[in-house]
Amino acid sequence: MQFRTEIEPFAYPFKIEERNKILCIGSCFSDKIGNYLVENKMDCMANPYGLIFNPISVFRLLGQSLREQRVMENYLTENQGTWYHYDFHSKHSGAEPGQLTNDLNQLHADVRNFIRKCDYIVITLGTAFVHRLKNNQHIVANCHKKPASLFQRELLTQKEIGIRFRQFYEKLKLSNPKVKIIFTVSPVRHTKDGLQGNSLSKSILRMAAHYFCMDFRDVFYFPSYEMLIDDLRDYRYYEADMIHVNQSGQEYVINKFQEAAFSDTLKAFIAQWQQLRSQLNHKAFHPSSEQHQAFLRKLLERLENFAQKVDVSKEKEWVKAQLL
């Protein structure tokens, strides 16, 4: 007897390989899958702008990077002695506006250089609710704890999201014709919108992603939202706040992503690397014992073999520092 309705196995008409470059951007799933890829030695730029929840801000930031557009200084804002920018997550901040502007312009340049060479962009859409500055209707990525009276809140339409995506897509393809895009909708529940508002928001994002896939042959969808809401369908896969997905839920979704998108070669490489990582994390009771020293020498030998494929210089230096 089955007690859940699982997402049926599926595969994309492509396979992500070890040598591929991947950009992850958006809300929480992009953060999780991006960090997972980085930890497993993939060439991945993981959420360079910080967590960005609404699609308009995602497409704007990527478009600005592609156009070599400098950061708009009129959207810098100060809060309790720290400077932020309305288009970026609060992890990008500074004590001086000039330095923050320079840092953000450099970030745009780094993202632009990566996009021009990357093979895949994974975009996670978090919410269709946005906040606009009342003085000029600019949609912000983050309010940075400024007074609510400065903003007006509204719900995006699928049409508006589609127009903004097409504008970005056309610029992207001029810069990098080979790149593929994988959309997903975040399963994180935006309870501040109310459960009805959260469902409405997610449905708009899901509809937008559906039409992106219908209209563009190199755009695809990954059902992370459906896996939590309809497949696992259990609060035990959420943190105590009942909003964010916990470790078990994250691992389930990432494993499904691997099954659908990764080549057999990449899967085998990650399995081997994870085994080696667990050995690197091993805590010895007697670091100077011959047994542990032999373990370290064997570990260094394995790292040398991995060095032919990926950069393991930090790991090698750490092991060498433990050798007597």
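Two strands are taken to pair if DSSP finds at least two bridges between them, and helices (H or I, at least four residues) and strands (E, at least two) are DSSP runs numbered from the N terminus. The model shown is predicted, so local features need pLDDT of at least 70 and side-chain atom pairs count only at pLDDT 80 or more, while totals for chains, interfaces and linings use all residues. Residues are numbered from 1 along each chain as its sequence is written, and side-chain values use heavy atoms, with hydrogens and water left out.

**View 1. Strands S1 and S2 run parallel.** Strand S1 (residues 21-26) is joined to strand S2 (residues 43-46) by four bridges, and Ile22 stands opposite Cys44 in S2. Between S1 and S2 the chain passes through helix H1 (residues 28-39) in a right-handed β-α-β crossover, meaning that, with the strands pointing away from the viewer, the path from the first strand over the helix to the second runs clockwise.

**View 2. Surroundings of Ile181 in the largest nonpolar core.** A nonpolar core is a set of buried Ala, Val, Leu, Ile, Met, Phe, Trp, Tyr and Cys residues joined through side-chain atoms within 4.5 Å, where buried means under 20% relative accessible area, exposed over 50% and partly exposed in between (1.4 Å probe, protein chains only). The largest such core has 47 residues, and Ile123, Phe165, Ile181 and Phe183 have the most contacts inside it. Among the elements that give two or more residues to this core are S1, helix H4 (158-175) and strand S9 (180-185). With residues up to four places away in sequence not counted, Ile181 touches residues including Ile121, Phe168, Leu172 and Phe220, contact being heavy atoms within 4.5 Å.

**View 3. Tyr235 in the loop between helices H6 and H7.** The loop that holds Tyr235 lies between helix H6 (224-232) and helix H7 (247-261). Tyr235 counts as partly exposed because its relative accessibility is 47%. Leaving aside neighbours within four places in sequence, Tyr235 is in contact with Arg189 and Met242, and a polar contact of 3.3 Å joins the side chains of Tyr235 and Arg189; such a contact is a pair of N or O atoms within 3.5 Å, and within protein one must be able to donate a hydrogen and the other to accept it, residues adjacent in sequence counting only if both atoms are side-chain atoms.

**View 4. Ser65 in helix H2.** Ser65 counts as buried because its relative accessibility is 0%. Beyond residues up to four places away in sequence, Ser65 touches Tyr49, His108, Val111 and Arg112.
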